[in-house]
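Good morning, and thank you for coming.

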Amino acid sequence: MQRFLRLSVLLLGLFAAASSYAADAPPPALTTEDDLGPAIEQPIEFPHFRHAGDADKGGMQINCMYCHTYARRSLVAGIPPIQKCIGCHQSIESVRETPRIKKLFEYWDAKKAIPWKKVHDLPDYVRFSHERHIKRFIFQLNRPVQEVCGYCHGNVKEMTVARRSKLLSMGWCVSCHQQDHPVTDEGGTPIGNQAYWYSMHKPPVDASGIIKAKGPNDCSVCHK
Amino acid sequence: MMNSGSVKHLAGHPFDRRDFLKVLGWGGAAVALSGCGNGSVEDGKETVVSYVETNDYMIPSISVYFNSTCAQCDAGCSITGRIREGRVLKLEGNPNSAINRGKTCGLGQAGVQHHYNPDRVREPLLRNGDQGEAITWEKAYALIAEKLNGVSGEEIAFLTGGVSGHLKVLLGNYLDSFGSKNHFVYEAVGPAVLRAANKKSYGVEMPRFNINKAKVVLSFGADFLGAWISPVHFSQQYAQFRKGVDGQRGVLVQIESKMTLTGANADRWLVVRPGTEGILALGIINALGTATGDIAAAVKGYDKARVSKDTGVSAEQIDKIVALLKERTPSLVLAGSAAEGYAHGSQNAAAINLLNQVLGNVGKTVEAAAVVPFPQMAPATGNTFALKTLNDGLNAGKYKVLFSYAANPVFTAPGAMKFKDNLAKAGFKVAFTHYLDETAMQADLVLPLDSALEDWGTQVPEYMAEGAQINIQQPLMEKLHANTRGMGDILLALIKLRRADDYKKYDDYYAYLRAAVLQNKGALGGGVADDDTFWNETLSKGIIKLASAAHALSGKAGAAGLSLPAPSAIDAQYPLQLIPSVNASLRDGRNTNQPWLQESPDPLTTIVWDSWVEIHPRKAAELGIVEGDIVEVTGKNGSIKVQAYLFPGIHPDAISIPLGRGHEALGRYAKGYGVNPFQILDMVFDKETGELALHETRVKVSKTGSRVIVVKDEGPAGGSQMGKKIAARLPSDKVKLSEEVYYVG
């Protein structure tokens with residue numbers, strides 16, 4: 001009896017452990033399915049929808065890269081300096097007395113940095129470059145900015161403060177890198193004049209002459 | 001996860017510890033799994049702080065670079081700092097400097113550890129018994145003013161390390177303001193004897209040594225690849241010298257009693273009886289047979305048989321050196337610190353310089369150096385005579401107020417000098433310092449300085465590589481600690497207390513520096529550029545290069561007054577000569593608290609984080625000492641206990657202990673590691689210059705009975721390469737230096 005009891009307690013522990021594991025996060029799947037992160041409280045509830053949202057929904061349709069100016073030049077997109085916010089808001093009298101803007105000016109007057117919480121935080125052993133992705137998809141493939149940023153960040157233009165809406169696991173990254181992306185124009189000229197490394201096998205060419213290839217697949221691309 | 005309470009409750013009976021651990025183990029595994037599984041993206045855990053205001057060029061993850069000057073030693077190498085997200089990460093050499101041409105040494109690399117050192121002093125501290133009490137700067141300045149009140153200029157002393165540039169000007173003006181002439185410039189291991197000898201031989205203290213133009217270099221203990229004068233510059237010259245002039249690869253002959261890094265790189269390394277370098281130099285002059293007049297007369301007595309007997313260098317070797325010097329011109333002869341460190345050090349250096357003169361090298365490989373056309377900014381170079389003078393003054397109770405900056409005499413003065421006790425006789429002691437070093441620990445008021453990477457300044461190097469240059473020191477990042485101050489700012493604040501009218505137009509040292517540089521824009525090569533453009537360009541380059549004339553060089557000193565003593569007889573009680581060696585990274589010990597330097601193995605012994613005593617294997621066998629034995633090294637002025645390392649590159653009648661370790665303060669990375677040979681040095685001084693003769697200490701070695709494993713990089717069998725006979729090591733008593741046959745095991 002004693003022995004049985006012990007075993008049952010052990011099994012119970014195992015079950016509890018397993019279920020806690022399951023509850024924390026589902027096993028990874030190679031999908032692009034949305035995976036909503038927790039809502040995060042920020043020092044100022046920044047309304048992305050107001051700044052980047054569509055005009056018919058009251059948004060200003062500001063390009064993401066107007067504020068996140070480092071994204072096209074650096075590994076990290078960066079949070080804009082307060083200077084940037086003030087640059088516009090010092091001449092927008094209509095919202096000057098609203099609580100959020102008042103709070104913004106408090107930080108500015110005290111010359112204190114705003115302690116934003118990081119929403120999209122990859123582990124330190126992952127080297128993700130915003131610059132490379134933006135160069136490829138926005139400047140070479142001419143895709144719309146909000147669509148491209150949205151691949152990873154979701155539909156930020158409808159959010160207030162950002163909330164993670166993609167899994168951002170390695171499997172999730174790979175699910176996109178495994179797809180065939182066009183690397184040449186119709187005539188076979190490399191897009192953006194950037195010759196593409198096809199690895200061991202040159203991929204098949206379709207009827208219109210467009211060559212498609214998968215995204216970079218070497219470990220060392222992300223794990224330096 | 002479950003806790004033990006709920007398990008107990010579920011099971012309904014007491015649980016023993018083993019069962020509990022089992023369950024806990026499973027639970028823990030589950031936590032670990034869920035912690036590192038697919039949910040590795042952390043949302044909202046870390047803070048991402050943006051700038052409030054920033055320059056356009058400050059982009060997160062992209063580095064920016066600023067030029068400044070390395071302050072790790074006095075060579076004045078220009079550096080470029082890599083700064084990311086407002087933090088300095090790495091220092092490299094600035095390619096535009098003729099001194100270091102884009103390179104740095106290990107010491108320079110460790111400069112970031114000076115800046116980020118956790119043991120930096122962060123607040124002004126006032127002595128309260130054994131404790132330092134944090135006070136404000138206003139109170140500190142007021143206290144200094146109060147203590148200086150009614151004190152005459154003669155009763156005030158200012159002790160510094162080597163200073164130059166505008167800081168020296170400001171310091172001079174400050175001392176002037178109360179009519180004090182007591183500026184003591186102290187350098188524990190500087191080439192002070194050489195400066196005096198050079199002044200006599202060549203007419204200048206520090207000429208240029210063109211190693212790269214020489215076809216043979218004969219170096220008497222000058223460790224120019226390691227720690228001598230401007231090692232980064234000399235290393236690059238050495239590389240050119242090895243590539244050769246006119247297709248002739250340069251040959252390096254090193255003559256010394258203890259092998260240095262340079263000696264280890266030499267084509268021929270000759271061990272010489274300590275202190276007989278000058279005799280050998282005169283013997284070579286005699287053997288060359290080209291000298292005439294009074295020089296010929298002076299060297300007449302130095303025939304090969306006598307020189308060989310005195311120095312321990314065989315007649316055959318002398319012949320070989322002479323043949324080499326005759327065959328290859330120009331040559332270059334260097335008198336290093338090993339030749340200087342004796343009571344007759346000046347004579348040694350003069351004899352060695354005379355050899356240069358006889359060989360016709362003056363004007364060819366020994367050239368006049370360029371001069372900065374602002375004499376008030378020229379470096380005040382340090383020596384040990386200054387320390388002795390200060391010490392005598394302190395002992396006589398002459399000084400009521402003592403300032404100390406960039407010097408740590410409590411650590412570097414010979415113990416027999418009783419500097420620490422004499423220092424206590426000064427009424428009020430102010431230390432400007434980065435760390436609580438041994439000297440700061442004795443101070444009444446400690447004022448914390450900005451690090452070299454946070455401070456403004458100008459520096460004029462003592463050794464000018466090509467044209468004259470003034471180096472700019474500028475902050476590479478914001479200050480780490482709010483309450484540290486730049487030395488220039490402190491001096492400016494202090495001088496404002498005395499000469500407010502002259503200095504009130506300068507808000508801070510930066511303003512002073514900018515005004516001083518722009519005032520001489522024409523002379524500094526600014527031409528017609530407007531002030532802002534010139535200033536910004538100057539800061540961006542980090543160097544002001546000047547068109548200037550060179551000192552006149554004279555090469556006709558002759559042999560007047562040259563007299564070398566016969567080698568001293570072996571002392572029966574203290575039979576061994578102690579050579580305190582200057583190691584490339586630790587030097588005089590001011591940088592010992594930078595752990596990279598503690599961790600980088602000594603180039604010759606590969607020992608880390610500790611001191612050692614080098615003993616010749618034959619002597620060790622005589623004394624029954626093996627590697628790792630803790631031995632007691634006893635001299636007339638005390639003893640130290642240190643681990644033994646058997647080293648064939650040393651004269652059998654000498655032992656060597658490196659300087660720099662053995663701190664009793666200076667922070668967690670320095671305190672308590674190794675021993676300090678400065679403490680047991682004999683008080684012997686050079687007869688001409690009054691400099692402390694570092695190599696004149698006699699000691700005996702005895703076993704203590706304990707033994708340790710020496711922590712070092714090389715294998716247990718030394719350099720035997722695991723028996724593969726690639727680079728077999730031969731005990732030096734078996735090496736026949738006169739036969740150049742490489743031993744292959």
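Let me start with a term: a cavity here is a set of grid points where a 1.4 Å probe fits but cannot get out. The model before you is predicted. A search of the whole structure for cavities of 30 Å³ or more returns 8 of them. As background, rolling a probe the size of a water molecule over the atoms shows where empty space is left.

I shall take up the second largest cavity. Its space comes to about 100 Å³. Which residues lie nearest its centre? They are B:Cys70, B:Cys73, B:Cys77, B:Cys105 and B:Val232, out of a lining of 14 residues. By class, 9 of the lining residues are nonpolar, 4 are polar and 1 is charged. Two helices of chain B, H3 (106–109) and H8 (231–243), each contribute at least two residues to this lining.

Of the contacts in chain B between residues at least 6 apart in sequence, 73% connect residues at least 24 apart.

E3(B) has strand E2 (residues 64–69) as an antiparallel partner, over 6 bridges. Within that pairing, B:Tyr65 has B:Arg82 as its bridge partner. E3(B) also pairs in the antiparallel sense with strand E4 (residues 87–93), again over 6 bridges. There, B:Arg84 is bridged to B:Arg87. What do E3(B) and E4(B) form, with 2 residues between them? They form a hairpin, and B:Glu85 in its turn has a positive phi of about 50°.

In H12 of chain B, residues 304–311, the buried residues are B:Val307, B:Ser308, B:Asp310 and B:Thr311. Because these residues cover an arc of only 165° around the axis, they lie on the same side of H12(B). On the other side, B:Ala305 and B:Lys309 are exposed. In general, an α-helix has 3.6 residues a turn, so residues three or four places apart point the same way. What do the buried residues of H12(B) pack against? Their neighbours are strand E12 (268–271), helix H10 (277–288) and helix H13 (315–327), which belong to chain B. After the helix comes B:Gly312, with a positive phi near 85°.

Between H13 and E13 of chain B there is a loop that holds B:Pro330. The peptide bond from B:Thr329 to B:Pro330 is cis, with omega near -5°. As a general point, most residues other than glycine have a negative phi, and most peptide bonds are trans.

Strand E13 of chain B covers residues 331–335. Why is E13(B) described as largely enclosed by the rest of the structure? The reason is that 5 of its 5 residues are buried. On one side are B:Ser331, B:Val333 and B:Ala335, and on the other B:Leu332 and B:Leu334, so that both faces are covered. Strand E10 (residues 216–220) runs parallel to E13(B), and 5 bridges join the two. B:Val217 has B:Leu332 as its bridge partner in E13(B).

I also wish to show a residue in a loop. B:Phe374 sits between strand E14 (366–367) and helix H16 (384–395) of chain B. Is B:Phe374 buried or exposed? Its relative accessibility is 10%, so B:Phe374 counts as buried. Leaving aside residues up to four places away in sequence, B:Phe374 touches B:Ile470, B:Asn520, B:Ala523 and B:Leu524. B:Ala523 is 149 residues from B:Phe374 along the chain, yet their C-alpha atoms are separated by 9.6 Å.

A:Lys111 is not a glycine, but has a positive phi of about 50°. This lysine lies in the loop between helix H5 (99–110) and strand E1 (115–117) of chain A, and at 43% relative accessibility A:Lys111 is partly exposed. In chain B, B:Lys418 has a positive phi of about 55°, although it is not a glycine either. B:Lys418 occupies the loop between helix H17 (409–412) and helix H18 (419–423), and it is partly exposed at 48%.

Technical notes. Residues numbered from 1 in each chain as written. Chains lettered and ligands numbered in written order. Predicted model: local features only at pLDDT ≥ 70, side-chain atom pairs only at ≥ 80, totals over all residues. Heavy atoms only, no water. 1 Å grid on protein atoms, 1.4 Å probe; cavity = no way out; pocket = protein on both sides within 12 Å on 5 of 7 lines; lining within 4 Å. Points joined across faces, edges and corners; volume = space filled by probe spheres on them. Helix = DSSP H or I, 4+ residues; strand = E, 2+ residues; numbered from the N terminus. Nonpolar A, V, L, I, M, F, W, Y, C, P; charged D, E, K, R; others polar. Buried < 20%, exposed > 50% of the residue type's maximum accessible area, 1.4 Å probe, protein only. Arc of directions from axis to C-beta. Contact = heavy atoms within 4.5 Å. Pairing = 2+ DSSP bridges.
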